[in-house]
Amino acid sequence: MLVWCVCYVVHIVKRFVAVVAMACLSSSRLCARVQDKLLCQFGHKVRKQTVFVKLKPPGPSPLRIFGKTCQRVSTCGPTCGTGGINAAATSGLVRRMASSLQSTSTGSLPDYGTQIVDPYRLLEDDLNGIYEDIRSELERNTNQPELNTIATYYFDGQGKALRPMVAILMARAVNYHVYGENSALLPSQRQVAMISEMIHSASLIHDDVIDQSDFRRGKPSVNVLWNHKKVAMAGDFILAVASMMIARLRSDDVTLVLSQVVTDLVQGEFMQLGSKETENERFAHYLTKTYRKTASLIANSVKAVALLSGADESTSELAFQYGRNLGLSFQLVDDLLDFVSSAHAMGKPTAADLKLGLATAPVLFACEKYPELNPMIMRRFQEPGDVQKAYELVHKSRGLEQTRFLARKHGAEAARLAADLADSPYQKGLVVTTDLVLNRIK
Amino acid sequence: MSLSRLYCVVRSDLVKVQSSSALVSKLWGPCTTREVNTCSTQRASVAQHNSKPDWNRAVSEAEKIVGYPTSFLSLRWVLSDEIANVALHLRKLVGSNHPLLKTAKNLIYNGKNNMQAWGLIVLLVSKAAGHSPEIPDMEQDKAAGVLHSQRALAEVTEMIRTSHLVHKGLVNMNSRQPIAAEPDDMMFGNKIALLSGDYLLANSCSELANLRNQELVELMSSAVRDLAEAEFLGERDEQNNPLPSRPLPKEERQPATEWDCIIDPLPMAGVIGSAGREWAARHVLAAGALLGKSCSAALKLAGHNSQLQTQGYLFGCHLALAWQAFLDLEAFTGPEPASFSLVGAPLAFTLEARPELYEYIEAGRKSVHDVDYHALYKAVLEGDGLEQTKQLQREHIACAVQVLDSFPNCDARTALANIIVAMHHEHL
């Protein structure tokens, strides 16, 4: 047993050396990467589901998890430390989590072709401080303390930061595509990442007032804590500051592209107010609404970063289509998770869409098998028992499966588009992101 | 955007306001300290057939000068899909108490309070200032004398203002005060109000983007930011209605800072507790900034230098404040009203003179409806709050007119002067 342990430790150290040789990584990440290649001490294989854990800024708040349970990884932590790798790495691991994705091959020396690429870690330095920067931009723009408090409430770093991450990832990938290896992230592109997160949050704030939600991201929604009128104004404020930031980029095209987002967001909300009669119309309506409410922001922000990069029209269009497919996939998974996940994992209550009277993809698919859902959809699940019945029927039908299939289709399309960009770690990251979106659990 | 160009074809004939040599000297009361040059310029000329200037007349005359009815509450607005949607939903609210209905009514009602005149002011300033020769012909709406972009800007101004008013028409469902209406109705009304306001804001973003002028976008976005800030200034009741702050004794007041900021947020030093400055700060944020920045933006579009743009900002700001003073005074003329604005200038000055009256304001912490308006009304009439407000209005009017003087003489300038005359307190 002891011999085994020693051999094991030696094995770890060898890996340690190998991994050190390849790229400049901070010591804390090193430990994590070693974890990637190996299994946990307990020999727990990291399974097909992508375990993906996000970085979190230092603070007492709970770690964000973008994938599986953190437990397995955290138990690796202390032992990993005692395995002889420096203590700094351990403490780093406690605060940062390993990310590991199933790779198709187990090459001995990592190379980006087959290596696990974790986009969040790849962009760690760029993403670091995104939330702080947004908060200070908001603070700089008001002399009213309460406005500042409400406006910065959702910028505490607890969100998934998917939109900024994708924007920066695309920015770097397109920069690499256009300018090659020595390309850097432009400050304007980083601004676009911040802007996309701000627009997203402003829409969340208004959504919370509209939907009277209770919880978001694991804490009370903003409408629970404050006067609704002030909350509405805070949303407008964030939008105004984001517009000022867009204007400071001094690019007509980028302003046009990003202002389209705001229009789409509102039109998407309006679409949600209405409803369509026939099944076919309903699905098309749902897809258009989904594009406007979710995909448009991602699509247009990646298009904007591509424009800022100086890419040609076909590349910008490619970026746009990538974002669009990714966004659609993301929302379809979101609608799916509303039916399968638990409230604890999501940070917000589930079956929320049904309770709001919204018929999302799983329900629309389930209609084929259970036409009794049709009248329920038309009356927006208002009658007592509707929500429960619909929930059950969706689970009984193939609706969830079909939704996942559609999400995968869009994800695959996004990955295919990304493959057209020049090879780079960032381009790989774009492909990996489509997987992340599909396999998330919250 | 292109629809608005269609309406250019449908405009009415330009009516030249009859020029007259009569100087309306009562525009400047006995108290202005500024020397205003009145001899070489034409002042507000009165419509021939009626000796008393009238607000509606001034506005409708002015509208003819700049082309067609400037308010975007015209066919284009009505034809929009989303607004049709909103109207449909609004119908469900009829009979409920939701403030959105009142806002919608005020939008259409043609009174001094309505915001239809905002776009008009921007267009008049645009026309009065003219444009620099470099602007290509295609962009000019020659017959109306304004650029197409300026017309779009006027629309944007109105949309932003309307959006703000609509968003102010939400009901705070978190209030501990019982809301005397169906909660479902209120929530639905909130939803519609929020969406409509967002729609207007989004539309104004798009139109601004189409103007392809990033400085403009920055300027107008800062105006939206100011409007949002206005809702946070000072004390509020549970429905976010504003309450004046307790007046600070003279010794405790901080020195005031200059307000020539445009993009940066309005500095708050020395504002809270000082009657005059708090009133001014509140209304600059709530109205002056938007009107001022729109006027400034209109001049920017015309290619004028930054000095004139600043003048435009000052003009709009002072005009909005003069307007506000007028509205504040309105409550104290005629029969005693059931309630009036607690942050109006007359009350602010009265509270400053008699701080013990602030106890009445304290009663309004939960809801402004709990305040003893009768007692306050009497106190205002007894004191010299009204006189101070009139003086305040005269000062702002004087500042606005001073800027107006720097514009070349033309019908648009006269129309603006007419409007200013119509809002003078002597015409209450």
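Trainee: What angle do helix 12 of chain A and helix 8 of chain B pack at?
Mentor: Bearing in mind that this is a predicted model, helix 12 (residues 228-248) of chain A packs against helix 8 (residues 183-210) of chain B at about 15 degrees, and their axes are 12 Å apart. Angles under 35 degrees count as roughly parallel, and the two helices are therefore roughly parallel to each other.

Trainee: Is that crossing left-handed or right-handed?
Mentor: Helix 12 of chain A passes helix 8 of chain B in a right-handed crossing.

Trainee: And which residues make the contact?
Mentor: From helix 12 of chain A come A:His228, A:Ala232, A:Asp236, A:Leu239 and A:Ser243, while helix 8 of chain B brings B:Asn190, B:Leu194, B:Asp198, B:Leu201 and B:Cys205. Sorted by class, this contact has five nonpolar, three polar and two charged residues.

Trainee: Stepping back to the two chains, how many residues does each give to the contact?
Mentor: Chain A gives 45 residues and chain B gives 53 residues. The area buried between chain A and chain B is about 4300 Å², and carbon and sulfur atoms give 65% of that area.

Trainee: Which three residues supply more than any other three of the area chain A buries?
Mentor: Those are A:Lys229, A:Met233 and A:Phe270, which supply 17% of the area that chain A buries against chain B.

Trainee: How many salt bridges are there across that interface?
Mentor: Four salt bridges are found across the interface of chain A and chain B, and a search of the whole structure, over all chains, finds 32.

Trainee: What about inside a chain, say, what does A:Glu137 pair with?
Mentor: The side chain of A:Glu137 meets that of A:Arg140 in a salt bridge, at 3.5 Å from N to O. Both residues lie in helix 7 (residues 130-140) of chain A, where they are three residues apart, about one turn of the helix.

Trainee: Switching to chain B, how do helix 2 and helix 16 of chain B cross?
Mentor: The axes of helix 2 (residues 55-65) of chain B and helix 16 (residues 411-422) of chain B come within 9 Å and cross at roughly 165 degrees, so these helices are roughly antiparallel to each other. Their crossing is left-handed. Among the residues making the contact are B:Trp55 and B:Ile65 of helix 2 of chain B, together with B:Asp411 and B:Ile419 of helix 16 of chain B. By class, the residues of this contact divide into eight nonpolar, one polar and one charged.

How values were computed
Residues are numbered from 1 along each chain as its sequence is written. Chains are lettered from A and ligands numbered from 1 in the order in which they are written. This is a predicted model: local features need pLDDT of at least 70, side-chain atom pairs count only at pLDDT 80 or more; totals for chains, interfaces and linings use all residues. Side-chain values use heavy atoms; hydrogens and water are left out. Axes are lines fitted to C-alpha atoms, for helices over the stretch in contact, and angles run from 0 to 180 degrees between N-to-C directions. Helices (H or I, at least four residues) and strands (E, at least two) are DSSP runs, numbered from the N terminus. Angles under 35 degrees count as roughly parallel, over 145 as roughly antiparallel, 65 to 115 as roughly perpendicular and the rest as oblique. A crossing is left-handed if the near helix is turned anticlockwise from the far one by less than a right angle, and right-handed if clockwise. Contact means heavy atoms within 4.5 Å. Ala, Val, Leu, Ile, Met, Phe, Trp, Tyr, Cys and Pro count as nonpolar, Asp, Glu, Lys and Arg as charged, and the others, Gly among them, as polar. Buried area is the accessible area (1.4 Å probe) that two parts lose on being put together, summed over both.
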